[in-house]
Amino acid sequence: MAEVTAALGLEPEQVERALTTASLAPSVHNTQPWRFLVRHDRIELHPDETRRLAATDPEDRELRLSCGAALFNLRIALQSMGVRPLVSVLPGHDAPGALAVVRRGGAVRIDAEHRALLDAVPRRRTNRRPFLDAAVDPRQRHALVRAAELERSWLHVVTTPEERARLKKFVQQAHEIQLGDAAVQAELAALTGHRPGAADGVPPASAGVRPETQDEWVFRDFQGPERLPGKDYESDPLVVVLCSYYDGPLGDVQAGQAMQRVLLTATTHGLSASFLSQPIEVRRVREHLRRALGGMLVPQTVLRLGFSTPVPATPRRPVADLLVGADERAPC
Ligand SMILES: Cc1cc2nc3c(=O)[nH]c(=O)nc-3n(C[C@H](O)[C@H](O)[C@H](O)COP(=O)(O)O)c2cc1C
């Protein structure tokens, strides 16, 4: 089995800690589709092609979004160890097949904001439970919008009743299309429910309560427990659409970093978040959503934010399983 080696002037134990932090990123169905090639002068981030969801995510967009989130975690972990991360996204010939390469760009002392984001990494969890009927205040909204901007992305806050109604319709339409797609349902089923000892997927404890037909927003069914009477979803969560300025792999990796910065910022404000990805995953509906947003921005993920009760952590694969061996290059 491959072992973590020294890199970027850090000891192997520090590199391992940084990769552990990277691996705590969210990923579609908790597939953890990332691999790392560690060399003394760089850490390469590769997609793990064996963890693709060919039906749900045929263009690997969500795979790259997930990897972008891991990259953000890696960046702040390295900063906490005094390394200024010099990141090259889609490095091409420099690192064939890699989504990003991180080198040492000198020394740095992590600032308070990044330290708070790093501290939030293990506390951030996808929370599918009903939220409290308490509004997210303007200061918190502003912090989320700023977090996306700092990562060269755009956070569109859904505000007007018309816009909410239209987005709900998109979620519903896409959800129904996916319910009728056996391959999409099979991918979901393969990664949910009781899977003793599994280091990936969404366990029942993280599934949230069972969606019901009266729910305003249609959530994906992760086979959670039946709902107790009165445990309905909140009527008015904060819903945002995270967008990139580019369509394609660069925009995806950038949006993934922004998504993670938004989620960690939310965590620092005591906010919970979950995803409504159906209208993004179904290409036809995504095009409608894109046009509804004015046609220029590329919608990358839809998030629901609010206040809730804590949820358990989902499992992660050990770092040793995430390493690309020295004699092995990840497939392009
Ligand atoms: C790109 C992306 C799309 C996701 N889409 C959904 C979704 O539509 N519904 C959902 O409940 N969770 C969604 N998730 C959340 C993942 O299932 C979750 O990140 C994963 O199970 C790991 O759990 P954690 O976020 O609590 O660490 C998505 C995550 C990512 C990164």
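**The shell around the ligand**

Tutor: H2 supplies four residues, the largest share of the shell around the ligand. Helices (H or I, at least four residues) and strands (E, at least two) are DSSP runs, numbered from the N terminus. This is a predicted model, in which local features need pLDDT of at least 70, side-chain atom pairs count only at pLDDT 80 or more, and totals for chains, interfaces and linings use all residues. Residues are numbered from 1 along each chain as its sequence is written.

Student: Which residues come nearest to the ligand?

Tutor: A residue is near a molecule or strand if its C-beta atom, placed from the backbone, lies within 6 Å of it. Here 21 residues are around the ligand, and Pro-26, Asn-30, Thr-126, Phe-275 and Ser-277 come nearest. Helix H2 (61-80) and strand S7 (272-275) are the elements that give two or more residues to this shell.

Student: Is Asn-30 buried or exposed?

Tutor: A residue is buried if 20 or more other C-beta atoms lie within 10 Å of its own, exposed if 12 or fewer, and partly exposed in between, with C-beta atoms placed from the backbone. Asn-30 counts as buried because it has 22 C-beta neighbours inside 10 Å. Asn-30 is placed in the loop between helix H1 (12-23) and strand S1 (34-39), and has a positive phi of about 55 degrees although it is not a glycine.
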